[in-house]
Amino acid sequence: MKAFYCTCGWRVFFENTRCLGCGRQLGFDPRWGSVVALEPAEGNVYPSASVVRPWRYRLCRNYRDHQVCNWLVSADASHDYCLACGLNEVIPSLAHPKNHLWWRNMEAAKRRLLYTLLRLKLPVLSKRDDPQSGLAFAFLQDRRHNPAVEHEMVLTGHSEGLITVNVMEADDAARESQRVDLNESYRTLLGHFRHESGHYYWEQVVKSNDLLDEFRGLFGDEREHYGKSLSCYYVQGGDNSWHADYISAYARAHPWEDWAETWAHYLHMVDGLETARVFSITKAGTDKDNFQQCLSEWAGVMVMLNELNHSVGQYDAYPFFLSERVANKLHFVHRTIQASQEREALQ
């Protein structure tokens, strides 16, 4: 995450809706990747406080009505929702007492995901605009968490551009319980969003661009039966033989899962290095061509993150080991994204 500043010069952050320095309302403009200070509204339109960029905005409807979003919509847009909220197909029922909080948590994680995707210049298209290749989100509950809903069980996953996330994942206590039950070292809401986006972008940056042979050489043959592979993984359970070849135990379940896990960790690295650079912890960023330097810098940041957590009595922030094989897979993700950027630049 890069650094943001209000018009008055005060440091502000990605999630902020108000500047503590001058009191101006803030919003994030995804077109420019910047937090914008706003002047008082003229009707429903908020002029930018910047004289350099005198844009005019409306608040996203979910910003205005539910306070779960801080992204902005151009004043002349024909829709009420920002880029992030416009991707939603299903949101949790707000009749449930805690759903507003959980929904807010999910939107915050989704906006973090989209920020990185946009920084990487990856296409972010709504299914409403492109039913075949677009992206959408559904946030669903099941009866394990809310007996009043219709679904017996909701699995977080991806299918044909629709990313479904079980609302339970936004409940910190429930998610931590699930992490312990599954013997996972790491389970976060943002991690889920990044992982599932990997399944979506596999179609966009690998399958559609003649990279399957190289993909199969690194990750395995994705034509293996997906359901059988997952069943086998869950029946056999975990051991520690995976570290040399995979970023996580779950990555070995199927080549698609290996890709999605690796993709998620690449996004962790991109965002982590950008943040580290803002705070002068490192000079590297994944926009550079020297991937090995980026990987080396990330290894140092990982150690620092974990030791900082230990200093305040917490577990590892990033409990993963990047073997040579995993590094090669991360490099493949890096190169596929660079190729996507080049294609987008030519369009």
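**Close-up views of a predicted model**

**View 1. The lining of the second largest pocket divides into 13 nonpolar, seven polar and nine charged residues.** Here Ala, Val, Leu, Ile, Met, Phe, Trp, Tyr, Cys and Pro count as nonpolar, Asp, Glu, Lys and Arg as charged, and the others, Gly among them, as polar. The model is predicted, so that local features need pLDDT of at least 70 and side-chain atom pairs count only at pLDDT 80 or more, whereas totals for chains, interfaces and linings use all residues. Residues are numbered from 1 along each chain as its sequence is written, and side-chain values use heavy atoms, with hydrogens and water left out. The second largest pocket holds about 810 Å³ of space, and of the 29 residues that line this pocket, Tyr186, Thr188, Asp316, Ala317 and Tyr318 lie nearest its centre. At least two lining residues come from each of α3 (172-181), α4, α7 and α8 (291-311); helices (H or I, at least four residues) and strands (E, at least two) are DSSP runs, numbered from the N terminus. A pocket is an open set of points on a 1 Å grid over the protein atoms alone, where a 1.4 Å probe fits, with protein on both sides within 12 Å along at least five of seven lines, and its lining residues have an atom within 4 Å of a point. Its volume is the space filled by probe spheres set on the points.

View 2. Two or more lining residues are given by each of β10 (157-159), α4, α6 (226-236) and α7 (255-278). Sorted by class, this lining has 20 nonpolar, 20 polar and ten charged residues.

**View 3. Helix α2 (residues 99-119) packs against helix α4 (residues 189-205) at an angle of about 50 degrees, with the axes 9 Å apart.** The two helices are therefore oblique to each other, a word for angles that are not under 35 degrees (roughly parallel), over 145 (roughly antiparallel) or 65 to 115 (roughly perpendicular). On the α2 side the contact (heavy atoms within 4.5 Å) involves Asn105, Met106, Ala109, Lys110, Arg112, Leu113, Thr116 and Leu117, while α4 contributes Leu189, Leu190, Phe193, Arg194, Ser197 and Tyr201. Eight nonpolar, three polar and three charged residues take part in this contact.

**View 4. Helices α4 and α7 cross at roughly 115 degrees, and their axes come within 8 Å.** This angle makes α4 roughly perpendicular to α7. Axes are lines fitted to C-alpha atoms, for helices over the stretch in contact, and angles run from 0 to 180 degrees between N-to-C directions. Among the α4 residues in the contact are Arg194, His195, His199 and Trp202, and among their partners in α7 are Trp256, Glu257, Trp263 and Asp271. The contact has nine nonpolar, six polar and four charged residues.

**View 5. Gln67 and Lys121 each have a positive phi.** Most residues other than glycine have a negative phi. Gln67, with phi near 55 degrees, lies in the loop between α1 (61-66) and β7 (72-74), whereas Lys121, with phi near 60 degrees, lies in the loop between α2 and β9 (136-140).
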